[in-house]
Amino acid sequence: MNFLIGAFKPACNISITFSDGKTRKQVPMKKENGQTVMVPLFQSQENIAGKISIEPFQGKKIEHNGVKVELLGQIEMFFDRGNFYDFTSLVRELDVPGEIYERKTYPFEFSTVEMPYESYNGVNVRLRYVLKVTISRNYGASIMEYQDFVVRNYSPPPSINNSIKMEVGIEDCLHIEFEYNKSKYHLKDVIIGKIYFLLVRIKIKNMDLEIRRRESTGSGANTHVETETLAKFELMDGAPVRGESIPIRLFLSPYELTPTHRNINNKFSVKYYLNLVLVDEEDRRYFKQQEITIYRLQES
């Protein structure tokens, strides 16, 4: 059975390099196995170009039915593992059927690529962009190689950014007003606001402000919702009195936030909430949740 040794080794080495790989910004990306790798960063409407090198092993030739490279934007639901939904699919044919005897290099370019959604790696869903090289063969499986890259899209400051003002309470027990300076925040922004106590007839022990991320995937009976508390900021320790005002100043930059994603390709949404939590001396919890929008500010 010695003739089987090495039968399943790959027939060649495929390398994918970007034209501006040495100067383009690299960002960390977590792979399925938990490892973190550095990959190039792009944004929508950029050119994606480079070279693909194919080198047969041990001087062997590769007979093939053609070589192509694809640029794919894909959404993968973790409850539907292995099935990708392509929302972007571009193809460049690199070679006609033939044989490769020695190292061969192919240039490729995808011009002003529309990449409408940001890369996202969540609890139940992943949105990724990848270059996929395929060497088609008559016998055996096709040879494939993948190169991930990350897409981030930027926004200018919103022209309208209203403050959030609300009154909440429990009849004859608690009445508070809270105010946040804006309803839309960029990833490095600061949440500024205040809590004002109009009526306090319960013994409050402490008050926290939380940032929560809610990821919704699927639809109908197959909807999956995951809520994570990303930040917990103590606003007050001890009982407030009527007329007291508590200031809020919460920096967003220390936390791993993403932009808000609304109904991405009818597959998933990611929303953010500010959750105000009051705990009384009997450990009863009172809370009020308010949705905010997170965006990635256009860099100058």
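Predicted model: local features only at pLDDT ≥ 70, side-chain atom pairs only at ≥ 80, totals over all residues.
1. Let's start with the open sheet. Four strands make it up, in the order S13-S14-S16-S19, and their pairing is antiparallel. At the edges stand S13 (164-170) and S19 (245-251); each has a single partner strand, so one side of each is left without a neighbour in the sheet. On average, and with direction ignored, neighbouring strands here are turned by 20° against each other.

2. Seven bridges link S13 with strand S14 (residues 174-180), in the antiparallel sense.

3. Next comes strand S4, which covers residues 48-56. Is S4 largely enclosed or left open by the rest of the structure? Of its nine residues, seven are buried, meaning under 20% relative accessible area, so S4 is largely enclosed.

4. Which strands pair with S4? One is strand S1 (residues 12-18), antiparallel to S4 over seven bridges. Another is strand S9 (residues 104-110), also running antiparallel to S4 and joined to it by seven bridges.

5. Lys-51 in S4 is a handy residue for tracing both pairings. Thr-17 stands opposite Lys-51, while in S9 the bridge partner of Lys-51 is Pro-107.

Notes. Residues numbered from 1 in each chain as written. Heavy atoms only, no water. Pairing = 2+ DSSP bridges. Helix = DSSP H or I, 4+ residues; strand = E, 2+ residues; numbered from the N terminus. Axes fitted to C-alpha atoms, helices over the stretch in contact; angles between N-to-C directions. Buried < 20%, exposed > 50% of the residue type's maximum accessible area, 1.4 Å probe, protein only.
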